[in-house]
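Please work through each task before reading its solution.

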Amino acid sequence: MLRNIPSGVGSRRKDLKLSATQMHDVLVKGAQWAVSQGYGRAEDLDYIEEAGCISRGNPDYVSERAHKRGQNQLGTLGSGNHFVEVGVVEEVYDETAARALSLHRGQVTVMVHTGSRGLGHQVCDDHIKLLLKASGKYKIELPDKQLCCAPIPSKESRRYLAAMACAANFAFCNRQLIAYWVQETFQEVLHMGPRALGLELVYDVCHNIAKIETHEVEGRDRKLCVHRKGATRAFPPHSKLVPEAYREVGQPVLIPGDMGRCSYVLVGTETAMKETFGSTCHGAGRLLSRHQAKKVARGRTIVRELEDRGIYVRGASKGTISEEISEAYKDVSLVVNVVHRAGIGKKVVRLKPMGVIKG
Amino acid sequence: MRHKKYEYIDHTGDLGFKAYGTTREALFSHAAEAFFQAIISLETIQQKEERLIEVGAAALDELMVGWLSELLFLFDTEHLLLRRFEITNMKDCGLKARVRGEVMDPTRHEIKTGIKAVTYHQLYVKQRGGIWEAQVILDI
């Protein structure tokens with residue numbers, strides 16, 4: 001898998017080189033472009049937030065620099081906390097929901113965590129510069145320059161949202177490519193066809209994104225800009241935006257833990273819709289800074305420690321592995337239990353990691 | 001006593017540093033060293049390639065972000081690792097620099113940390129007691 005999925009700084013697939021036109025299509029069509037090129041199946045799109053394509057994306061607001069940063073990085077995992085994790089369903093909390101999601105105890109799963117890569121960061125950089133000016137123009141006092149902003153209906157905001165949609169589309173496409181190569185790897189290694197293998201997409205959900213959505217506020221429907229930062233969408237049963245197959249149980253919510261503990265699949269709830277604009281947490285959250293984590297890891301062979309517990313970590317530099325040790329993160333189980341008890345997500349299954357690729 | 005060039009500061013989730021210099025030129029040069037030292041050990045970088053850089057911004061602190069973002073752009077697009085930074089022209093709203101380094105060679109270079117972006121979070125550039133000081137938080 002490590003050979004098949006480019007991970008780490010500077011790595012890329014030699015067979016995926018995009019022309020300017022193709023890049024434009026990726027930014028407009030997202031995962032739909034990947035499927036049109038033979039990466040995955042049309043059915044996959046039913047199981048991706050927004051069907052893998054946010055329609056208001058406009059590449060005119062994505063700079064040449066962003067194109068340049070993104071072009072070599074499509075189909076790459078990236079470094080830091082990005083990963084591909086092979087796991088197994090260790091515990092089922094909600095049989096009905098698990099069945100709807102085709103998950104059962106003992107089943108092997110793969111979780112992919114990556115996004116819009118350098119392209120998204122360049123979109124952010126470019127638009128921060130514009131929004132710094134806009135903040136002055138609209139006389140908004142900023143506590144911190146990183147929080148620069150403009151009113152949502154303004155020209156500046158509309159352009160940023162159009163560029164952000166392109167970055168989200170790039171991310172949908174990126175994950176679709178990687179998911180395809182995961183499939184391919186399993187098929188090659190296990191000498192099994194896709195049907196016998198049964199690796200199917202459960203769900204692909206965004207985090208760190210702002211979206212225009214309709215929510216009920218004080219008894220009436222209002223159009224809002226919902227910014228999910230460190231958060232992910234958690235729409236309830238019967239929402240039209242949830243795939244039909246999951247409509248009775250709610251939208252799948254993927255909450256990765258750290259590489260040594262576990263990860264969770266939840267479903268969205270009506271309470272989340274009422275209390276958090278259909279959102280819940282996206283991960284465990286860090287406890288230690290990367291520097292502190294490295295100190296804790298000093299003198300230990302983390303890879304060996306994890307291997308002794310049946311978790312194989314590959315690809316990452318020693319530095320990344322030290323930064324990403326379990327102790328650096330809050331215990332995801334505690335975080336998920338809070339989410340579950342608060343009612344803004346309902347536990348479905350717990351996944352135990354077996355193998356992790358990190359960038 | 002010679003003042004230190006830079007120091008890293010603890011920041012949950014991200015990585016920050018403070019850089020110092022007796023002149024603005026030295027400050028920007030030291031900040032660039034701190035930036036690349038976070039990615040890789042500077043001593044492993046040979047000075048084989050040279051680039052001329054020009055950056056503009058509305059204010060000095062924004063110029064710092066613009067400067068480091070330019071270096072990140074070179075690294076992201078050309079895999080260029082840099083270790084020598086000579087600021088040849090410095091104004092409040094712009095700088096010119098000659099930078100040297102080499103293209104990353106995975107067989108020799110071990111990346112410590114991948115940097116995603118240079119942020120404006122808790123950013124400052126100021127002069128205190130004759131010493132220029134800057135603080136930058138990197139998104140990693």
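**Exercise 1.** State where A:Met192 is found and decide whether this residue is buried or exposed, or in between.

*Solution.* A:Met192 lies in the loop between helix 6 (155-190) and helix 7 (194-197) of chain A; helices (H or I, at least four residues) and strands (E, at least two) are DSSP runs, numbered from the N terminus. The model is predicted: local features need pLDDT of at least 70, side-chain atom pairs count only at pLDDT 80 or more, and totals for chains, interfaces and linings use all residues. Residues are numbered from 1 along each chain as its sequence is written, chains are lettered from A and ligands numbered from 1 in the order in which they are written, and side-chain values use heavy atoms, leaving out hydrogens and water. Because its relative accessibility is 32%, A:Met192 counts as partly exposed (buried means under 20% relative accessible area, exposed over 50%, partly exposed in between; 1.4 Å probe, protein chains only).

**Exercise 2.** Describe A:Gln32.

*Solution.* First, A:Gln32 belongs to helix 2 of chain A. Next, A:Gln32 is partly exposed, since its relative accessible area is 32%. Finally, its C-alpha atom is separated by 39 Å from that of A:Gly136, 104 residues apart along the chain.

**Exercise 3.** Which residues have the most contacts inside the largest nonpolar core?

*Solution.* This core (buried Ala, Val, Leu, Ile, Met, Phe, Trp, Tyr and Cys residues joined through side-chain atoms within 4.5 Å) has 56 residues. Those with the most contacts inside it are B:Phe28, B:Phe35, B:Phe36, B:Met64, B:Trp67, B:Leu68 and B:Leu71. Helix 2 of chain B gives the most to this core, namely 10 residues.
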